[in-house]
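Here are my notes on the model you sent over. Have it open while you read, and start at the ligand.

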Amino acid sequence: MSDDHPGFDTRAVRAGQHRTAEQEHSEPIFPTSSYVFGSAAEAAARFSGEQPGNIYSRFTNPTVRTFEERLASLEGGERCVATASGMAAIYATCAGLLAGGDHIVSSRSIFGSTTLLFTNFLGKFGIGTSFVPQNDLAAWEASIRPQTRLLFLETPSNPLTEVADIRALAELAHRHDCLLVVDNCFCTPALQQPLALGADIVVHSATKYIDGQGRCVGGAVVGDAGRVGQEIYGFLRTCGPTMSPFNAWVFLKGLETLSLRMRAHSASAAALARWLREQPGVQRVYYPGLEDHPQHELASRQQSDYGGILSFELAGGREAAWRLIDATRVCSITANLGDAKTTITHPATTTHGRLTPEQRAEAGIADGLVRVAVGLEDVDDLRADLARGLDA
Ligand SMILES: *Cc1c(COP(=O)(O)O)cnc(C)c1O
């Protein structure tokens, strides 16, 4: 693309960099809690907001700002604010935009801690949440009340990879004067840009694919200058769940290789999904790239590839799932995802273990379900590892 409109990969490598007088090539880390002023008058001007500039790293930090500008550019948003974790991003969004008495309508297929945040903590402050099946548009609409301010979803969902129609839900939200918030953790902007599809706010757990190597915990919120740059930023700078400059630097470097990695994760996940489907003992494979996935066509329209997460259900229930997991030697038994190292989990007894058996059945989390977040190892080695598990 042209100089005026650099392409995604160019922005992933270069957006947000402001070289210092040292002329460093790579972005520097600024490990400083505060910044000095030339005079008492300058200090006063900074504090009053008359003069722009750094005051204290809970408010702004140059390394964090470079990460924010780069991610804002990749998501196509006016502003990004970085947070201490993905959960801090979701909490800051709610705390910045909502007040007691407001109401959220959320997909029920969301990250477990997000469900707990909505029910146990926002609930304490008088913010109610209704949960709906992700792909039932009529249920979303029926749950909207006069007090509803936010619609919240994650797509594809974890672990069953249900794909939500962002454009349709954005239209529904706007028809009812609500905002649509999308957790874009599984796709990242390399595969899906919710703001371009009509969403108002994107939240991220940078811990996952943005880091890409399982090193740091962090998050981000992207959207317009008013809501994100003022209301959500205002909450963050006062209440404090901000990102450290060290973590911002790791995430910044992660963004430089994001689209290469997402393509590689997707290619290996697709190959494994197709192979798993042919294996005896595997009842069902969940991956949006498979032609018989219920929202395959929607995923093809809305995403540029299908991502690195797949799940499959074994006929032998929990015992078969645990046997398979325990027989693998390459895959790591850990709950994280978005890592170069492939991770394998049993959702029914870990991420979804706190649900009652009825809630799990309703959510479609069978005892024989195994989730794999496909990493960057040789796909032949991963196939052999899962084959060892299936033979066990
Ligand atoms: C991990 C995750 C979160 C929470 O992020 P943390 O960085 O762990 O706080 C939120 N949403 C999704 C989809 C996640 O996978």
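1. Sorted by class, the shell around the ligand has 3 nonpolar, 5 polar and 3 charged residues. For that sorting, Ala, Val, Leu, Ile, Met, Phe, Trp, Tyr, Cys and Pro go down as nonpolar, Asp, Glu, Lys and Arg as charged, and the others, Gly among them, as polar. The residues in question are S85, G86, M87, F111, E154, D183, C185, S205, T207, K208 and G218; a residue gets in if one of its heavy atoms lies within 4 Å of the ligand.

2. Before going on, a word on what we're looking at: this is a predicted model, where local features need pLDDT of at least 70 and side-chain atom pairs count only at pLDDT 80 or more, while totals for chains, interfaces and linings use all residues. Numbering runs from 1 along each chain as its sequence is written, and side-chain values use heavy atoms, with hydrogens and water left out.

3. K208 has a side-chain N or O atom 2.7 Å from a ligand oxygen, and a polar side-chain atom of S205 sits 2.8 Å from an oxygen of the ligand. The protein buries 91% of the 380 Å² that the ligand exposes when taken alone (areas by the Shrake-Rupley method, 1.4 Å probe; for residues, only the protein chains shown count as cover). A polar contact here is a pair of N or O atoms within 3.5 Å; within protein, one must be able to donate a hydrogen and the other to accept it, and residues adjacent in sequence count only if both atoms are side-chain atoms.

4. Next, have a look at N247, in helix α10 (residues 245-256). (Helices are DSSP runs of H or I, at least four residues; strands are E, at least two; both are numbered from the N terminus.) A polar atom of the N247 side chain lies 3.3 Å from the backbone oxygen of V217. Neighbours within four places in sequence aside, N247 is in contact with C216 and V217, contact being heavy atoms within 4.5 Å.

5. Is F125 buried or exposed? F125 is exposed, at 53% relative accessible area (over 50% is exposed, under 20% buried, partly exposed in between; 1.4 Å probe, protein chains only). You'll find F125 in the loop between α5 (112-122) and β3 (128-132).

6. Zooming out, the chain has 15 helices and 12 strands. Of its 392 residues, 53% count as buried.
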